[in-house]
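Subject: Structure handover

Hello,

Please find the structure below, with my notes after it. Could you read the notes with the structure open beside them?

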Amino acid sequence: MYIQEDDGALRLLFLQCGQCGRLSFPASSYGCRHCGAPSEAGSVVRRPGLARLRRAVTVHQNLSPGLAAPYVVGELELAPGIVEEAVLDVPDEQGLTPGMTVRAVARDAGEGRYVCRFVPAEEAA
Amino acid sequence: MTHPYQAGEVQRAASAGRLLRENPVYVIGIGMHRYQFASDTPYVQLGLTAVREALADAGLAWPQVQSAYVGTSAIGMATGRVMLRHLGSTGLAVTQVESASASGSAAFRQACLDVASGESDIALAVGVDKPGDSRRAADKDGLGRLSPSANVPAVKFALMAREYLERYRLPVEAMAQVAVKNHGNAALNPYAQFRKPRTLEQVLASPKVVGDLTVQQCCPRGEGAAAVIIASGTALERLGYAKPRAVRVLASVATSETLGSETESAAHALVRVSTQAAYAQAGIGASDLDLVELHEAFSIEELIYTEAMGLCAPGEGAALVAEGASAIGGRCAVNASGGLLGMGHPIGPTGVGQIAEITRQIRGEAHGRQHPGARVGLAHMIGLGSVAFAHVLAGWRDTA
């Protein structure tokens, strides 16, 4: 889904279709979500971990394992037409506005692993 | 430009519509086991209660049923035969159907097409479920997600709610009114899981789940069963069935989600396309509907879907509720049963329960919550993934 560069920045991995040229996310998709071409016909492309925030909400109850509430999730446009839900590493919704740019950052998940979270781009700079 | 997949759906829907036009099918029996919180009651008892009630309502004996479609999501393999053998081992065809929240709707559609195709003369659609482990295929597809709640419907609809309320500059009360209306309807329904009216203050004061959705704006988990008997016109004649009690299925449509766009969400498009295909099959428009039972697992869905169905203009879904147009006695009663919020959403039974409610209303037998002049109804369900099922029903007098 993502990879950490030497400078610490996260880049998102997409599948670029070898037939129609459009992007699918994540890169491990089994085929192009637009034209259905098999993934073998495409290639993995790295793009900067920048996204446009469409909207965000606070999850107040524990709805899924792996993350304790409360936390904030956003609907992000990762690339034209590709919208995914992602976790925002912010204390609350204050300061988040639709249309703002957010950046992927690596956060320590213990045992040498990291997870991808998003923060307002200015904050990450 | 029409999306190629949508054009295909409409073509396929038209084909099914031809079958139902040439070989009419009717709902002739309905039965329910009340929706309730998880209990020690075995699913067999839940299901058989509903099936026996449906058989009695239709005036049929079990050996007269030639095929059975069983909608369930969490019980396990071979639910149908294990349950139905207690009615007698007649050798009928038994098929289990799973389509998440729309499992019951899918079972009903298969039963309708079975009868319309001439394969069976009399078929049963039954939905039965108990809360299970809720393992979802989307969590096992081998693909990573950027959020652990990416496949959790409550989060998806909370994000949609936030967008909707901001776009139309509406307060959270506009959305919460859906829960007030539907809990009020459920209080009048003896088969409902919740039998208590809720005030706007109570709905808003209940604990927040995600975003602006509070607990009372999210459907409960539970268990229950619903059953309907479907018969051909020939069977009606042979049985000497009282035709004014027969409710005809005018349309049966199944579609799945296409990619959304900047101007229309995938969920809105799914409902709009499936509903339009159903209207085309039935030869009706939205203004002909007296009743709609729809999937409001979360309050915001009713606002968005009533607009997508053409019951009101874009942005007018909240006004439809506030002005009483979607109340029992209004222009078109939406979720007169109490819907998923009030009646409950045990998954497998939900879609079949919608058919039972519309049938009961069209017959004029929904005592205590009868919508006056109910003649034409739409049952619409969404299943995780997402898939949609739409059925249009009308009274025998209006279709003869």
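**Salt bridge and contacts between the chains**

Across the interface of chain B and chain A there is 1 salt bridge. Its partners are Glu93(A) and Arg162(B), whose closest N and O atoms are 2.7 Å apart. Please keep in mind that this is a predicted model.

On the side of chain B that touches chain A, two elements give two or more residues: α5 (153-167) and β5 (208-210) of chain B. Helix α5(B) provides the largest share, 7 residues. Sorted by class, this side of chain B has 14 nonpolar, 5 polar and 7 charged residues. Residue pairs in polar contact across the interface of chain B and chain A number 11, with both residues at pLDDT 80 or more.

The contact involves 36 residues from chain A and 26 residues from chain B. Together the two chains bury about 2400 Å², and 62% of that lies on carbon and sulfur atoms. Of the area that chain B buries against chain A, 30% comes from Leu146(B), Pro148(B) and Leu159(B), more than from any other three residues.

**Glu223(B) and its surroundings**

The side chain of Glu223(B) makes polar contacts with two side chains, that of Gln36(B) at 2.7 Å and that of Ser39(B) at 2.5 Å.

Glu223(B) also forms a salt bridge with Lys130(B), at 2.5 Å from N to O. Lys130(B) sits in the loop between β4 and α5 of chain B, and Glu223(B) in strand β7, so this pair ties together parts that are 93 residues apart in sequence. Both residues of the pair, Glu223(B) and Lys130(B), are buried.

Leaving out residues up to four places away in sequence, Glu223(B) touches a set of residues including Arg34(B), Tyr35(B), Phe37(B), Thr41(B), Leu46(B), Asp129(B), Pro131(B) and Pro346(B). One of these, Leu46(B), is among the buried residues of helix α2(B).

**Helices α2 and α13 of chain B**

Helix α2 (residues 43-58) of chain B has 16 residues and spans 23 Å from its first C-alpha to its last, close to the 22 Å expected. Its buried residues include Tyr43(B), Val44(B), Leu48(B), Val51(B), Leu55(B) and Asp57(B). The buried residues of α2(B) pack against β1 (25-36), α3 (79-84), β4 (122-129), β7 and α13 of chain B. Just after α2(B) comes Gly59(B), with a positive phi of about 70°.

Helix α13 (residues 350-363) of chain B has 14 residues and reaches 20 Å from first to last C-alpha, close to the expected 20 Å. Because 14 of its 14 residues are buried, α13(B) is largely enclosed by the rest of the structure. Gly364(B) follows α13(B) and has a positive phi, near 80°.

**Other salt bridges**

Over all chains, the whole structure holds 20 salt bridges. One of those in chain B joins Arg369(B) and Glu357(B), at 2.6 Å from N to O. Glu357(B) is in helix α13 and Arg369(B) in the loop between α13 and β11 (376-383) of chain B, so the pair ties together parts that are 12 residues apart in sequence. Arg369(B) and Glu357(B) are both buried. Salt bridges that share partners also link Asp57(B), Arg245(B), Arg363(B) and Glu365(B) into one network.

Arg272(B) and Glu264(B) form a salt bridge as well, at 2.8 Å from N to O. Arg272(B) is partly exposed, at 22% relative accessible area, whereas Glu264(B), at 18%, counts as buried.

**His391(B)**

What is the relative accessibility of His391(B), and is the residue buried or exposed? The value is 2%, so His391(B) counts as buried. His391(B) belongs to strand β12 (residues 387-395) of chain B, and its side chain is in polar contact with the side chain of Ser252(B) at 2.9 Å. Not counting residues up to four places away in sequence, the residues that His391(B) touches include Ser105(B), Phe108(B), Arg109(B), Val249(B), Ile355(B) and Leu378(B).

Regards

Definitions and conventions: Residues are numbered from 1 along each chain as its sequence is written. Chains are lettered from A and ligands numbered from 1 in the order in which they are written. Side-chain values use heavy atoms; hydrogens and water are left out. Contact means heavy atoms within 4.5 Å. Buried area is the accessible area (1.4 Å probe) that two parts lose on being put together, summed over both. A salt bridge is a side-chain nitrogen of Lys or Arg within 4 Å of a carboxyl oxygen of Asp or Glu. A polar contact is a pair of N or O atoms within 3.5 Å; within protein, one must be able to donate a hydrogen and the other to accept it, and residues adjacent in sequence count only if both atoms are side-chain atoms. Helices (H or I, at least four residues) and strands (E, at least two) are DSSP runs, numbered from the N terminus. Ala, Val, Leu, Ile, Met, Phe, Trp, Tyr, Cys and Pro count as nonpolar, Asp, Glu, Lys and Arg as charged, and the others, Gly among them, as polar. Buried means under 20% relative accessible area, exposed over 50%, partly exposed in between (1.4 Å probe, protein chains only). The expected span of a helix is 1.5 Å times one less than its number of residues.
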